[in-house]
Amino acid sequence: MIDWTDAYNNMGHIPGGPDYPPRWMAKAAAFREAMLAGGRAELDIPYGEKPRNRFDLFRPESAAKGLLVFVHGGWWIAFDKSVWSHLAQGAVAAGWAVAIPSYTLAPEARIGEITREIAQAITVAAPRIGGPILLAGHSAGGHLVTRMVCRDAPLSEAVLARIRRVTSISGLHDLRPLMKIAANEKLRIDAAEAQAESPALLEPLPDARVACAVGAEERPEFLRQNDLLTNIWFGLEARTSSLHIPECHHFNVVDGMKDRDSRLTRLILGEGE
């Protein structure tokens, strides 16, 4: 028998795990302050009627090459945009504008509702910045950004036409195992929702470009979830790639986003293709 809760438990298997969120928050606050001081940040832009329907927008020094939307993780039940502002640093340094939305958390919202909120956030952010759109997300956020390039994605054709590529970082692409974890008391995933909201069980848009990156030292289930989508969607003629980042676990795998020239930032921006 598999202990599914333990299989997806990052906090209990990463040394010093509880110390990470306070560090993220401090770095995010410092980045926001610097960007506000430079006149390159807009905070709490509304995209819907609910309290958490807000996104922050960070701009480069010159005209933006396009828009990157980063969607945070936290099991759909934790965190908000303010914890992750510093992850915009690499893309902003490369000349991209970066939007980071919050969204309604479970149990107040089901995963299908959160999917629709992220689509609305992208829809509202898109007209603010011209050019191509890139999507990236970590953990639950990896699920949410890959849902945006499924055939039933709740986005207009005009917005979909601008999406150049999607990067799922330690993403959760098959929700069925999550019905067996303790957190499902809040998530309330059932068989119908797992089928409707699992990218691995859905068809990608034609020629979707999707990269799946994961820390090489992550829990085996996150390695499996990463490669699962790459393999299935490749068979459905999406353009997929998989990257296992050495010496990284679930909490530090996103750190590369702070560095303009890191392997992860270059992957998200599609550089070197």
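Visitor: Which residues of the largest nonpolar core touch the most other members?
Guide: This is a predicted model, where local features need pLDDT of at least 70, side-chain atom pairs count only at pLDDT 80 or more, and totals for chains, interfaces and linings use all residues. Residues are numbered from 1 along each chain as its sequence is written, and side-chain values use heavy atoms, leaving out hydrogens and water. A nonpolar core joins buried Ala, Val, Leu, Ile, Met, Phe, Trp, Tyr and Cys through side-chain atoms within 4.5 Å; buried means under 20% relative accessible area with a 1.4 Å probe, protein chains only. Of the 58 residues here, the answer is Y8, W76, L135 and L178.

Visitor: In what order do the eight strands form the open sheet?
Guide: Strands pair if DSSP finds at least two bridges between them. The pairing is mixed. The order is β1-β2-β4-β3-β5-β6-β7-β8.

Visitor: Why is one side of β1 and of β8 left without a neighbour in the sheet?
Guide: β1 (41–46) and β8 (239–245) stand at the edges. One side of each lacks a neighbour because each has a single partner strand.

Visitor: Is H138 buried or exposed?
Guide: H138 is found in strand β5. Its contacts (heavy atoms within 4.5 Å) include F70, H72 and H250. At 4% relative accessibility, H138 counts as buried.

Technical notes
Helices (H or I, at least four residues) and strands (E, at least two) are DSSP runs, numbered from the N terminus. Buried means under 20% relative accessible area, exposed over 50%, partly exposed in between (1.4 Å probe, protein chains only). Lists of a residue's contacts leave out its neighbours within four places in sequence.
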